[in-house]
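Please look at the protein shown below and work through the questions that follow, taking each answer slowly.

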Amino acid sequence: MTPPSLPSRPISTAAFQGVTLAFFTGCAAWLVRESRELGGRPGMMALGVAVASAGLALVALGALVGLLRSGRLLALRSRAEMGTYALVLATMAVLALVGLRLFSSEGRPALATFCLGVAGWLAGVGLHGVPALFLGPTGFIDSLGRRTPFSRLEWFTFQREKGDLPRVRLQAGHGTRLLLAARLASSDEDAVRTALVGAGLTSRRR
C-alpha cells in the first residue's frame, strides 16, 4: 500500500493553473487580433472564442489565488469514473483533430492553438494529470479553487469499491443535500475520516 502523503503546498497544481492563466490570456489577445484580420462571420466566431479563452483564464486565476492562500494541504489521490475518462479522452481527440485541421488547411493559428490548449487543459483537469482534490485544516478545495468547508457539512459516508484497484467513495453533505462526492484511493480514507470526525461530522451508514 502506498504510504499517505504529508501536507505540503500544492505546487504542481498551482503551477498548472499559472501556466493555464498565461496561456489562455495570450490566446484571448491573439484571437482578438485574428478576429480583426478575418472580419465578417469568421471574425465574430474568433471573437466569441476569445471571450471563452478569457473566461478560462479567469477560472485559472481564481484557482491559483485560492490554492496559494490555502497554505499547506494534503493532496488526495482522487480519481474520476471510467465513463468520465472516456468522455474526456473523446473530447480531447476531437479538439486535437480540429486544431490540427485549422493549422493545416484553414490558416487560423490562434483558434487552432486554443483548441489544442483546451485539450491539454482537459488532460490536467479531467484526467487528473495534477492533483484534483486537497484536504486542508478547514475543509476541502479542488484544483479549480472550489471550496467545501467543514462548516457546511454535517455527515459523511465511505463506501469501498469492488475491483482490483483499492478505491473508496466519499460522500458528505448537510441534511438531505449532497455537497461533496469523490472517489479516493483507500490509503486516503483514514486521514479524511480523522479530519471529518475532528470537525464534528457524523459518520452515516449507507
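**Cysteines and overall build**

Q: Is Cys 27 buried or exposed, and what is its relative accessible area?
A: Buried means under 20% relative accessible area, exposed over 50%, and partly exposed in between, with a 1.4 Å probe and protein chains only. By that cut-off Cys 27 counts as buried, because its relative accessible area is 2%.

The model is predicted, so local features need pLDDT of at least 70 and side-chain atom pairs count only at pLDDT 80 or more, while totals for chains, interfaces and linings use all residues. Residues are numbered from 1 along each chain as its sequence is written, and side-chain values use heavy atoms, leaving out hydrogens and water.

Q: How many disulfides does a search of the whole structure find?
A: A disulfide is here a pair of cysteine sulfur atoms within 2.5 Å. The cysteine sulfur nearest to Cys 27 is that of Cys 115, 9.3 Å away, and Cys 27 is in no disulfide. For the whole structure, the number of disulfides found is 0.

Q: What is the relative accessible area of Cys 115?
A: Cys 115, like Cys 27, is in no disulfide. Cys 115 is also buried, and its relative accessible area is 8%.

Q: How many helices and strands does the chain have?
A: Helices (H or I, at least four residues) and strands (E, at least two) are DSSP runs, numbered from the N terminus. Their order from the N terminus is α-α-β-α-α-β-β-β-β-β-β-α-β. The secondary structure therefore comes, by these DSSP runs, to 5 helices and 8 strands.
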